[in-house]
Amino acid sequence: MMGNSVIWKLLWSIFIANLDFSSTADFFSDSALLGKSRFQDDTPKFVQEPDDSYHIVRNKPATVECKAINAVRINFRCAGQFMEPTHMENIVDQETSTKILSAFVNVERADVEEYFGGDFWCECFAYNTNIGLDGVGGITSKQGTIEIAYLRKRFEREPLMTRVQVSKTTQLDCLPPEGKPLPEVFWLKDNVEINTKDGYYIVSNTGDLLISQTQLRDMGNYTCGAKNLAARRLSESASLIVYVDGSWSSWSSWTECSVKCGKGETRRMRTCTNPAPLNGGATCVGDSVQTNPCGSICPVDGRWGAWSSWSTCSTECQHHRKRYCNDPPAKDGGSYCIGNDLDGGNCTGGRCRGKQIEIIGPSPTNPTNADAPNPDNVRGIGIEDADHGLLEQNPSREATNTSTNNDTLIMIIGLCIAVVVFVVVIAIVVFLLKRKYQNQGYMAGNIPPIGNAEEKKNKNGQDMMSVQPDLTQQVVVFPHHSASPSPSIEPPNNNYPTVENIYDKPDVGLPIYADHRLSNGSVPNRSSPELPPPNSPLVMNLVPPNPPNLLDSRHSMSSVQLPANAETEAVTWGSFNHSGGRLILPESGVCMTIPEGAVKKGHEAELYLGVWRDDTNRPKTSDGQTIVSPVIVCGPNVPGILMKPIILSFHHCASMRQGGWMLSLYNSDTQPEEAPCWQKLVTLGQETINTQVYAQLDPNQCHVMTEHMQWYTLIGEAVPGGRPVKILRLAAFASNTPPSVEFSIRVYVVEDTHDALEGVMQEERKFGGRLLDKPKQIPFQDGGHNLCLTIEELTPGWRSKLAANYQEIPFQHIWSGNQNNLHCSFSLELVEGSSPNVSCKIQVYQKAILSNRQVLNIQNNFNKEKLPSCSTPSSTLKGRTSTVTTNSSSGFSSMLTLDPHGNNFRLPPHIRQKLCLLLDQPNARGNDWRMLAQALTVDRYVQYFATKSSPTEHILNLWEARHREESAITDLMNIFRVMGRMDAAAVMEKDIGAWL
């Protein structure tokens, strides 16, 4: 202990002896300069640190500046060597009256060129005392990188001469030369810089020039330019030629026939001037002149033939002769012969005195000439002959009058017979139609009756609606021979009964609970009945849910206005911040992904998502169109609520394997309280540079990237000459009560989407129905062929109430109909025995396409209670994707599936940011974001990503929505390796232990 005290005394003496009291004075003077007392916080603080990067342009040094408070000394350390500041001074902030010490150092070009340790950097040190070693006792700023600015001369990719058709999209390629800092790309047209702020010209992230709808005025020489602090470079100019393909004008009117009679021709013409070919455009294809034969048969004027010989002399001393108008006869409108066809005269040479007779010889076929005077044929009439009635009458005129009267009588009789036959035919048709309508019933979904609302009953007492199915073809039904035939089932004498097509309404007399809607800005907490898991026994009992308690509302929706007629089972909402998240309706297979940054930082947005099953809100499709997805609505529809696009994911039922589809995305921007006004937003494959959405079509799902929260649905139609196939789902239901003497089977035919089947399940819960067989898929091809359903192998003792075990659903009701829950019913009755067990097979197939066939096996055994499960549609060909939600306050917790790990996104923000920095910058190899889009198969409309500030970020956002499988992260790393981007793969591998 004594030894230690001696050592401490010795050290204290040395310290006192070497103490420089001048430093003490300096300390107090420094304190006075800073204006602080000895007991105030005098730790230096930087108010300005070095920038992230500096560039030395030519021989001009880079100036690194720092400012600090509570500091009396600042020095710099650059590339590991301490440097004294070039200049240092004290300044006073005019606003806060704070004393600030400012210093800067100049870094010369030689300093950077002579350093070979990597990037040249500088940092600042600030001290509150003038004594001490450099770097000891002070604070350190962040580092700033100093680089020599340069811009190489050679462009990585220069624009080339391009020919483009008018009104088409033009893309002129350009990749600027390498340089530091990164060069800015600009474009010149005819040596004048292009203004890209008006939106007509767009410069992509890679430097390409995009023109959405090229016009003739866009022709010219285009030059790509690049500039930075070091230099300004221009590429070689490239010509843009805008050509116009010729198009025909309208046809002119037909000319008059070239001849008045005989064979001629008429023609019409058109010109290739609408528009005319320009700049090497294609000429019109086809004929410029069309001709048609024309003309008429030339008329032939009649000419008289030779006179006949004279007749014998009569007692009146007269003889006659006749001629005919047949040399040639008049035809085809030619004029008849002029003159008389009968001549007469005295045959005694004048010895018969006073016996002259007037001879009038009219033409039998041209009576108009009967009165034409002919001096040669006019004779005087003796007074004696007139008094004695010897005036000879004209026999030709009498024959003509008799023929005319006979023709008129025949025409009147024929007209009367035709009227009688017409009345009889009309009566027969009315009788047959009336008899047919009395024997048929129709029900498709919830179609209202046409005309009056009177219901008719068939011979078995079933309530049938008066609307009949549109069946235009007769169906031949062959009798079914079961193992133990019942005599009462077989029609007598093998006369097959007529076909009845009945789409009946479920005839279960169970209570239907009212569907409570959203009201007053709040949503009731209604727990929808859970469906059994896939591995549960084959039992399905859809009992009506308990009446919802409207007073139990967990989440207030005062700030979100939902549609007034929203179904509580098909809508959800959540409150989201800058971190984003996912909003999901798992039973409908619909999801909305809100990427990070979509909501403005420091704000919260309450968003909702729903599917609409109301028939009135579905788009009215034209012939040939069909709806292939649910009707989705998201909101609120408020401008500026989103800073980045969201991703809507939903299922579709279009079979992409056969092809032949032309799919279009429809939207409506109406407010929730208004009926949607549908319009085509984009046809997939026909996007332009101005298209504001991106639609990614996968085999079973569609993902839509959009910044507008509106109504959306997907509608398909056939391409010219195509026969697309739509996948349908069949589901059979019946009443949950054991049958006594009657039993009704309802077969639903809906789109093969999760939401369509969920709508059927909810509808059947209201009636207390139960599923009879696992829902099955059936392809349905475009082409007009109806869907046929037959019931076979019916349990002995049961028979169908219909005259035939066969029904048809018209093609248009399935393809272009607007009903959600389209179905038909088979009504059975017990004719002998008392067994409540009913079993049968329902064959479903498309007419004329026997390969599109499916069988529903009905085994309704109420004693053993073995029924198939209908937990999810994933038990068939298509499965569901996993569901993940967000860190948000969401409504309808029963409708959402929460991720137990709380991982909303696969990639953490810092990993995503690093990947964007690596891949956004284009390079000559092309293994940047463009190759990533190609590897992820989202390059169909790559211009959408090219117009974004960070293409990689939007591609990864879409990747998050599409790939929720467990191996998604590993697959993405392998994609980076195949691309040759080991740096991107290394970024993911570095933190793999922390977040994978």
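Colleague: Is Glu764 buried or exposed?
Modeller: Buried, because its relative accessibility is 0%. Keep in mind that this is a predicted model.

Colleague: What does Glu764 form a salt bridge with?
Modeller: Arg746, with the closest N and O atoms 3.0 Å apart. Arg746 sits in strand β41 and Glu764 in helix α6 (residues 754-767), 18 residues apart. Arg746 also counts as buried, at 0% relative accessibility.

Colleague: How many salt bridges are there?
Modeller: The count comes to 30. One of them joins Lys726 and Glu751, at 3.5 Å from N to O. Lys726 lies in strand β40 (residues 725-735) and Glu751 in strand β41 (residues 742-751), so this pair ties together parts 25 residues apart in sequence. Lys726 and Glu751 are both buried.

Colleague: And which residues does Glu829 tie in with?
Modeller: Glu829 forms a salt bridge with Arg799, the closest N and O atoms being 2.9 Å apart. Glu829 is in strand β47 and Arg799 in strand β45, so parts 30 residues apart in sequence are tied together. Glu829 is buried, at 17% relative accessible area. Arg799 is partly exposed, at 28%.

Colleague: Which residues do shared partners join into one network?
Modeller: Arg618, Lys726 and Glu751.

Colleague: New topic. At what angle do helices α8 and α13 pack?
Modeller: About 170°, with their axes 10 Å apart. That makes α8 roughly antiparallel to α13.

Colleague: Which residues make the contact?
Modeller: Ile911, Lys914, Leu915 and Leu918 from α8, and Asp983, Ala984, Val987 and Met988 from α13. Six are nonpolar, two are charged and none is polar.

Technical notes. Residues are numbered from 1 along each chain as its sequence is written. This is a predicted model: local features need pLDDT of at least 70, side-chain atom pairs count only at pLDDT 80 or more; totals for chains, interfaces and linings use all residues. Side-chain values use heavy atoms; hydrogens and water are left out. Axes are lines fitted to C-alpha atoms, for helices over the stretch in contact, and angles run from 0 to 180 degrees between N-to-C directions. Helices (H or I, at least four residues) and strands (E, at least two) are DSSP runs, numbered from the N terminus. Angles under 35 degrees count as roughly parallel, over 145 as roughly antiparallel, 65 to 115 as roughly perpendicular and the rest as oblique. Contact means heavy atoms within 4.5 Å. Ala, Val, Leu, Ile, Met, Phe, Trp, Tyr, Cys and Pro count as nonpolar, Asp, Glu, Lys and Arg as charged, and the others, Gly among them, as polar. A salt bridge is a side-chain nitrogen of Lys or Arg within 4 Å of a carboxyl oxygen of Asp or Glu. Buried means under 20% relative accessible area, exposed over 50%, partly exposed in between (1.4 Å probe, protein chains only).
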